Amino acid sequence: MDISIIAAIGKNNELGKNNDLIWHLKGDMKFFRELTTNHVIVMGRKTFESLPKMLPNRHHIIISNNNLNDKVEVFNNINSFLEKYKDYEDEIFIIGGSSIYKSFLDYSNKLYLTEIDEEDKNADVYFPLFDKSLWDKEYISEDKEEKNIKYRHVLYRRVK
């Protein structure tokens with residue numbers, strides 16, 4: 001199983017506030033779309049509810065105790081998901097939120113992080129802290145700037 005996490009985080013690991021993204025950057029949305037299209041995406045209920053609509057060309061999996069709708073596959077815990085998908089060979093993307101990222105961190109081989117050179121003191125959701133010494137870091141984009149916000153796409157690969 002090839003599990004990857006994808007997230008956009010601020011200087012202090014900020015992810016979101018009020019069940020929404022903090023930063024809405026077209027370049028980051030394009031990066032997300034290019035990586036996750038035609039893949040399985042896994043998220044928690046709140047992340048699913050925050051989406052404006054079903055994301056096209058992706059198989060949505062929700063980790064939740066609630067039965068959400070018949071267009072998504074729902075697991076009530078990550079163990080049941082891991083058991084069903086243990087032989088799945090394609091890359092699976094974990095897209096949030098915070099508790100889902102934390103639950104999948106130990107199972108992930110790659111972290112695709114958009115590191116945003118900003119802080120948001122009003123954030124109410126954060127990406128989990130992780131030991132960067134266990135990961136090789138590779139910059140996969142040049143530094144970018146949009147709406148006076150600087151950011152870069154970084155890939156962390158788990159050290160074998």
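Which residue stands opposite Lys17 in E3? The legends below take up this question and others, for a model that is predicted.

**View 1. The protein as a whole, in this predicted model.** The protein contains 4 helices and 12 strands, and its C-alpha atoms fill a box of roughly 40 × 35 × 25 Å when the principal axes are used. A compact globule of 160 residues would have a radius of gyration near 15 Å, and the value for the protein, 15 Å, agrees with this. Of the 160 residues, 46% count as buried, while the protein exposes about 9,200 Å², of which carbon and sulfur atoms supply 45%. Among the contacts that link residues at least 6 apart in sequence, 62% join residues at least 24 apart. The side chains include 24 positive and 27 negative ones, and the centres of these two sets lie 3 Å apart.

**View 2. The open sheet of 3 strands, with the order E3-E2-E9.** Strands of a sheet pair through backbone hydrogen bonds, in either a parallel or an antiparallel manner. In this sheet the pairing is antiparallel, and 2 bridges join strand E2, residues 14–17, to E3. The residue that stands opposite Lys17 is Asp20 in E3. Strand E3 (20–21) and strand E9 (125–126) stand at the edges with a single partner strand each, so one side of each is left without a neighbour in the sheet.

**View 3. The cis peptide bond between Gly96 and Gly97.** Most peptide bonds are trans. The bond that joins Gly96 and Gly97, however, is cis, with an omega of about 0°. Gly97 lies in the loop that leads from strand E7 (91–96) to helix H4 (98–104).

**View 4. Asn57, a residue with a positive phi.** Most residues other than glycine have a negative phi. Asn57, although it is not a glycine, has a positive phi of about 60°, and this residue is found in the loop between helix H2 (45–50) and strand E5 (59–63). Is Asn57 buried or exposed? With a relative accessible area of 54%, Asn57 is exposed, given that exposed means over 50%.

**View 5. Asn148, in the loop between strand E11 and strand E12.** Strand E11 covers residues 144–146 and strand E12 covers residues 149–158, with Asn148 in the loop between them. Asn148 is not a glycine, yet it has a positive phi of about 60°. Its relative accessible area is 68%, and Asn148 is therefore exposed.

Terms used: Residues are numbered from 1 along each chain as its sequence is written. This is a predicted model: local features need pLDDT of at least 70, side-chain atom pairs count only at pLDDT 80 or more; totals for chains, interfaces and linings use all residues. Side-chain values use heavy atoms; hydrogens and water are left out. The radius of gyration is taken over C-alpha atoms; the globule rule is 2.2 Å times the number of residues to the power 0.38. Buried means under 20% relative accessible area, exposed over 50%, partly exposed in between (1.4 Å probe, protein chains only). Contact means heavy atoms within 4.5 Å. Accessible areas come from the Shrake-Rupley method with a 1.4 Å probe; for residues, only the protein chains shown count as cover. Lys and Arg count as positive and Asp and Glu as negative; His and the chain ends are not counted. The place of a charge is taken as NZ of Lys, CZ of Arg, CG of Asp or CD of Glu. Two strands pair if DSSP finds at least two bridges between them.
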